[in-house]
Amino acid sequence: MNKIQTFLFSIFCTLAAVQAVAEPVAANIQGANGMYFDAQDHLYVASLLDGTVRVLDSVTGETLKILNKYQGVESPDDVFIDDNGIVYVTNLFQGTVVAIKPDGSFSEVANLGKGVNSITMGNDGLLWVGRDFLGDGLYKIALGESFSVEQVFSEPGWINAMDFGPDGMLYGPVFKLNAIVRINPVSGKLDIVAKGFEAKPLALKFNHQGDLYALIGKLGRVVLVDIKDGSHEMIAEYPAGLDNLAFDSQDRLFISSYEDGSIHEVYEDGTFREVAPPSESMASFNLKLKLGFVAALAFILLVLFFIFRVIKKLFS
C-alpha cells in the first residue's frame, strides 16, 4: 500500500473500532443520560449509546431491569415516569416518544422528528417534549381520547432536560441562549430566569422543597439557582461531561455522566457517593472517538493540501 492507502486504512480501522466499542456491554453503562425515579425510588437511567433504559437500585447500584428495543427503547436520551408508573422515553434518532406500561407493553405516543430529547409532564397531565441538536422545537402533547400535539415553539434554541417549578411554570436550559428560561404553559410566554454561566447549562430539576438545581455539563458543575434573582452558586464539581440529574423521594440528588457513564449521589458538602462506576469501555470509546476525529481532520487537511498543490501547478 502507498502512504495514502495506508492512511485511509488507518482511518477505517479506527472508525470500525469506535463502532465496535459503541455496542452495549451489560456490565456497565455506555454513557448515562436522562434519569428519573419511580414511586419505589428505583432509578431509571437512559443511555443513548447503550440503546437501553436501566433500572438501578440507587443504594447498591445493582441493575434490576433493562428496557430495550422490545419495549420500544432504541436511542433513549431522556425518561419520565408518571403517577401511574408509565415510563415515557424519547428516542433521539428515531424521533419517537414511547410510553411503556408497568406490564412491559408499549405504544408510540408521537413522532416529532429526529432530535427528540427532553421530556416532562405538568400537573394537568400534558406531556412536554423538546428537540435538540438534530432538530429544534418545544411540543405539548395531550394524551388519551383528546390526543393532540401542539408545537409551542419552532426554534426555542435547543431546550434540554426541563422541569416544572412549584409555581406551575416550565423551566429549562436553552443551549443557544446559554441561559435558563421560564415558560408559561398557558400563554407560551418565555422569560430568561438566569444567565451569565461560564458554560452552557444542560439540565435542571427542582427538589421537593422547590429549589432549582442545574448542571453545567462541560465544566462538571452542579449549581443551585435562585429563580427570583437569577443568581447561582456551585455546590459540587465532577469531571467534565455531566448530563442529567434526579431527586429521589428523600430529596437525595443524583447525577449522570455521558462522558464516563457513571452515576453518583451528591452529598450536601459537595462530595460524592458512587452508585455506578465509570465505564472502562466508555473510556476506550472516548479515546477512539478522539483518535478518529484527529485522523479524519488530518485526512481533510491532507486532501486540501493536495488540492492546493494541483491548483498551484495549474496556475504556475
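Trainee: How many aromatic pairs are there by the ring-centre rule?

Mentor: Rings of Phe, Tyr and Trp (its six-membered ring) pair if their centres lie within 6.5 Å; planes under 30 degrees apart count as stacked, over 60 as edge-to-face and the rest as tilted. By this rule, the count is 9 aromatic pairs. Take F133 and F175: their ring centres are 5.5 Å apart and their planes stand at 90°, so the pair is edge-to-face. This is a predicted model: local features need pLDDT of at least 70, side-chain atom pairs count only at pLDDT 80 or more, and totals for chains, interfaces and linings use all residues. Residues are numbered from 1 along each chain as its sequence is written, and side-chain values use heavy atoms, leaving out hydrogens and water.

Trainee: Which residues do ring pairs link into a cluster?

Mentor: F133, W158 and F175.

Trainee: Where does the charged end of K176 sit?

Mentor: A charge sits over a ring if NZ of Lys or CZ of Arg is within 6 Å of the ring centre and within 35 degrees of the ring normal. The charged end of K176 sits over the ring of W158, 4.6 Å from its centre. K200 has its charged end over the ring of F175, 5.1 Å from the centre.

Trainee: Is Y171 buried or exposed?

Mentor: Buried means under 20% relative accessible area, exposed over 50%, partly exposed in between (1.4 Å probe, protein chains only). Y171 is buried, at a relative accessible area of 0%. F206 also counts as buried, at 9%. F133 is partly exposed, at 40%, and F175 is partly exposed, at 24%.
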